[in-house]
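Colleague: I have a new model open on my screen and would like to learn how to read it. Could you walk me through it, feature by feature?

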Amino acid sequence: MRKTIAGLAAAALVLGGTASADTEGTETYDMLFRSGTLDDVPRSAMLVYAREVANRANPEAAAAATGEVELRFAADDPTLAALRFTHGDSFSAIGSFPAEVGNPVIMYFMETVVRDMAETAGGSPFYIRNRMKEALLRPASVEAVEVEFGADEVQAQALTLHPFKDDPNRARMQGFADLEVTVTMSDEVPGWYHALSARVPDLEGGAPIYVSTLKLKAPGGEAEP
């Protein structure tokens with residue numbers, strides 16, 4: 001996982017404000033991969049994102065992927081933001097990333113969606129990843145919203161992507177052609193990202209085929225030694 005996320009990070013840096021109504025051109029990318037989003041986060045803090053996954057095709061894997069993603073700054077090098085996934089009493093390191101670039105949780109989230117789609121629909125992760133990258137350079141809808149953060153209501157913006165809406169291989173995607181990715185962002189929450197969600201609806205009205213969410217827990221705690 002660390003290698004693939006690092007690859008996505010490199011791609012994001014090669015590609016690389018606030019928008020309203022609809023974004024244009026690279027504004028989608030600039031908003032989602034905003035730089036400097038960790039600059040005001042204290043280096044002693046830890047950001048914790050609740051991760052929930054549901055997958056009708058593989059419920060056991062979804063249960064194992066449900067847990068928390070922790071972001072903390074490396075004790076020996078506070079210029080690095082380290083991510084790890086926790087599930088019950090176990091944990092696994094995800095990787096460390098330059099904090100000055102921004103919050104790496106967006107890269108982790110996007111890559112896990114790519115992996116889950118590839119494993120469930122049987123497609124090539126390289127093809128899926130490339131379509132996701134292309135979606136970052138297309139206009140996207142943005143909605144002004146109010147979201148709960150702790151005991152407060154904060155102003156936020158929700159950006160939604162439909163990466164495979166016009167894909168020529170839609171019929172082969174086992175329903176994932178209707179994947180909807182929504183990222184809710186706010187200057188009023190640490191690290192910029194309030195919630196990240198990927199959802200594949202059941203067009204016949206049943207429970208979603210796939211859901212993956214990351215949501216920032218409030219308030220952030222102090223990192224343990």
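**Reading the model together**

Modeller: Let's start with a helix: at 1.5 Å a residue, the 17 residues of helix H4 (residues 105–121) should span 24 Å, and its end C-alpha atoms are 24 Å apart, which agrees. The expected span is 1.5 Å times one less than the number of residues. Helices (H or I, at least four residues) and strands (E, at least two) are DSSP runs, numbered from the N terminus. Please remember that this is a predicted model, where local features need pLDDT of at least 70 and side-chain atom pairs count only at pLDDT 80 or more, while totals for chains, interfaces and linings use all residues. Residues are numbered from 1 along each chain as its sequence is written, and side-chain values use heavy atoms, with hydrogens and water left out.

Colleague: How many residues of H4 are buried?

Modeller: Buried means under 20% relative accessible area, exposed over 50%, and partly exposed in between (1.4 Å probe, protein chains only). In H4, 14 of the 17 residues are buried, so the helix is mostly covered. Just after H4, Gly122 takes a positive phi of about 80 degrees. For the protein, 46% of the 225 residues count as buried.

Colleague: Which residues of helix H5 are buried, and where do they lie around its axis?

Modeller: For this we look at an arc, that of the directions from the helix axis to the C-beta atoms. In H5 (residues 125–135), the buried residues are Ile128, Arg129, Arg131, Met132 and Ala135. They cover an arc of only 160 degrees around the axis, which puts them on the same side of H5.

Colleague: Now the strands, please. Which strands pair with E3?

Modeller: Two strands pair if DSSP finds at least two bridges between them. Strand E2 (residues 45–55) pairs with E3 in the antiparallel sense over 6 bridges, and E3 pairs with strand E4 (residues 77–87), also antiparallel, over 7 bridges. A hairpin is formed by E3 and E4, with 2 residues between them. You can follow Glu68 across: Ala50 stands opposite Glu68, and in E4 the bridge partner of Glu68 is Thr86. Strand E3 (residues 67–74) is mostly covered, with 7 of its 8 residues buried.

Colleague: What joins E2 to E10?

Modeller: E2 and E10 run antiparallel and are joined by 7 bridges. Arg51 stands opposite Leu214 in E10. Ser212 is also found in E10 (residues 210–216), and at 0% relative accessibility Ser212 counts as buried. Contact means heavy atoms within 4.5 Å. Leaving aside neighbours within four places in sequence, Ser212 is in contact with residues including Arg51, Phe109 and Leu196.

Colleague: Is Trp192 buried or exposed? And what about Gln174: buried or exposed?

Modeller: Trp192 is buried, with a relative accessible area of 4%, whereas Gln174, at 55% relative accessibility, counts as exposed. Trp192 has a positive phi of about 80 degrees although it is not a glycine; Gln174 has a positive phi of about 55 degrees and is not a glycine either. Trp192 sits in the loop between E8 and strand E9 (193–200), and Gln174 in the loop between strand E7 (152–161) and strand E8 (180–185).
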